[in-house]
Amino acid sequence: MRLAEHNERGRKPLLQRLRSWLDEHDPGGIDQIRAFHLALAYVVIIICGVTTSRAFGLNLDVTFPMIGAMTASVLITFTPAASVPIEAKSFLRVFAVTIGLLAIVAIIGPGSHPENALVLKLLLVPLSCIAMYLRRYGMDGQRLGIALIIIATVATILRPTREEGAWLLLASVEGFIITALIRLSPFRPSAMQAYNDGVVDAVQGVGDYLRLLADAIRNSTEVPKPALTMLHRLRVRVRVALLAATTEEPEARGWVEAVRTHVYRLRVATQLLRDCIPPMRAEGNDRAWAIPIASMAEEVARHLDLIGRVPGHRDLRLDDALTRLRRAATAPDLDPKVQLTLLRAVTAFERLALLVSGLEKFHLERPVEENVAAYPSQPEPKVAPEPFFNANGLSPSMRVAVQALIATTITTSLDLILGLDHAYWATMTVMFVLGNSLGETYVRVRYRTWGTVLGVLVGVAAVHLMHNGVWVLAGICLAGQVIGLLTMRDRYDIASAATGLSVVVGLHLVTGLTAEGMISRIYETAIGAVVALVISYLVLPIYGSDEVIVQVKTVVARCRSAFAGWWPRGEKRESVSELAWEMRPVMDRLPQIDAESSLGHRAAGEVVNLVSTLDILTTYLALLEDAAQRLSALQPPEEIVNALEAARSRTLQGFDLALGDAAPAAEIRGAPQVDAALSAALGQSTDETARRLLPFVADYLAFSDAILQPLADLRTVLNPPPATSTVPAKVPKDTTPDAQEAA
């Protein structure tokens, strides 16, 4: 299936594949509009900058618009899409840093005397330390720190005199005004509407799969697995749209999170639906159940298609289809194994029907402003900055700051000793590749180095072929900036190449940089990258795998707490979907953690399997949560509650063993056989109400049993039993497609 989908993608034209990638990673075109605003700001700033320079006779026809364009770049690039008031505040914060630093440059006047230029060059060292330490304030601090280094680096390249520095302050103000007028205009797409549309599109993708499933059952062919591309869109596209929506409207977080919870459960239910369909050619199978299952799948698909289009459209046809399916599952003389599977199919489709009802209540067809107003305000929680010190000594942000201080000292010393005269390039490379862990630094070094090589080579070729086409080269420089902005979050390698191309072509236009000077950027980048990697490895190293193990343990503990709070004993209502959402940043770090294994860190190889196993755990927990909620509403008799209580206790024991809260020698004994339990229940159940409960009981017992395997795998890494080696946990073979893809 994965190979077929890969080949299908490979046959698509390049522009179509690019359009599909942007549709997944930039739903609603939010970042595409940012890129358009950046390009438009560049054009207007260049025109206004050249006009201003000539009007005042400044002789800064290139430098003046360049500073304005730099201001526009740092404002838009380091201000994520949000509402106009939120972006305006971020603009003012970044602009204040820009003006403050340019004022310092004007006072120093590096172009007035060689010693002044040396002062500015040495100033890059403490500025790098400060920029890295700003990471303690989260992503806002990290973006502000990088903007600080870019401004200082551009000033080091231009080396203005004091008089020129004063005019460059005016250029920055001009660039700020033009950028603010263009970017903060109200005519731009709504991230909230893009999220709404993304959810509707993902839901309808599930409907398409259900129709394929119904056709396969009617034709007695193999039931298809959910397409990985469809599941990927359910996960990636909705997640990206959610991030943009909550950034744009923090007060709408309540509605956004509620919708996301239903989409998460819809994805889980779809992933495991195929396992609830009896074999097409089972022995003794008369397939009397085929038509009810196919009809039920088609009814759910029909309702999913109408979500976002027709308000309150649920009708009796869905309930009638569910009744026919339940009657087929409880028919006499069914093979016990077929009946077991059919009972689970009943609960699977009931789960889908409930999700249909839940999604209908969000009224995705009406304006999102009305939906948001119906939910209580839930602003995004503020992240407290890291302390200077923690239990292990220096905090991570302080460690990275020290690494930056040492690395930039080395690159600057190379300039003074070897006369590279381009230490700012190596210093800027250090700032871009130095990550929050050794693995992140390694990945960034690899992408940045190869990206720069590619970008420089393309830049050299472009300058050689179009050395007289100044405006064509300016267009190439602008295109590089736009591509870098669009790909920075998900394709750092492409962003590095595009940025390298833009910078070398821009330097050629501004300073007359030759092909030889462009090639020198390759080894200067390599010097900065190697220095950053060596310092990250030797000086106060930060291992992401160690941090992730702590994060995983925290998530597992919260999973146990959530499960303990569900029926039949608990009173808490924490949903596992919240915990699955918290795994997102951990999953994003898997490539960096895997990189640490190549550097010899012992835990890195284990952590990849650990996080994948945690994904499996949350999948089964979501299904257990659903079964527990419905059993609670049906109020089963005491005999069934006692049986399920035993399964609950066994699951809690599995959590305790995984977390190390149980005796090391303790083992889980006597996991129940689901087939035997259901056969006994079927034989004793004559009351229709009791038989109505059996599908939910079957689901609860099945998932209680299945969850023991990922808990055992987690235990082997988090708390290995005595006298056993810590072997990387194997992912169970019956994992979901997403979990296998993550592994």
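How are H12 and H13 oriented relative to each other? In this predicted model, in which residues are numbered from 1 along each chain as its sequence is written, local features need pLDDT of at least 70, side-chain atom pairs count only at pLDDT 80 or more, and totals for chains, interfaces and linings use all residues. Side-chain values use heavy atoms, with hydrogens and water left out.

The axes of helix H12 (residues 290–306) and helix H13 (residues 316–329) come within 9 Å and cross at roughly 155°, and the two helices are therefore roughly antiparallel (an angle over 145 degrees). Here helices are DSSP runs of H or I with at least four residues, numbered from the N terminus, and axes are lines fitted to C-alpha atoms over the stretch in contact, with angles from 0 to 180 degrees between N-to-C directions.

Contact, meaning heavy atoms within 4.5 Å, joins residues of H12 including Ile293, Met296 and Val300 to residues of H13 including Leu318, Leu322 and Leu325. H12 itself has 17 residues and reaches 25 Å from its first C-alpha to its last, close to the 24 Å expected at 1.5 Å a residue, the expected span being 1.5 Å times one less than the number of residues. Because 13 of its 17 residues are buried, H12 is largely enclosed by the rest of the structure, where buried means under 20% relative accessible area (1.4 Å probe, protein chains only). Just after H12, Gly308 takes a positive phi of about 90°.

Elsewhere, Val74 lies in helix H4 (residues 63–77) and is buried, with a relative accessible area of 0%. Val74 and Ala147 are 73 residues apart in sequence and 5.8 Å apart in space, C-alpha to C-alpha.

Methods
Angles under 35 degrees count as roughly parallel, over 145 as roughly antiparallel, 65 to 115 as roughly perpendicular and the rest as oblique. Buried means under 20% relative accessible area, exposed over 50%, partly exposed in between (1.4 Å probe, protein chains only).
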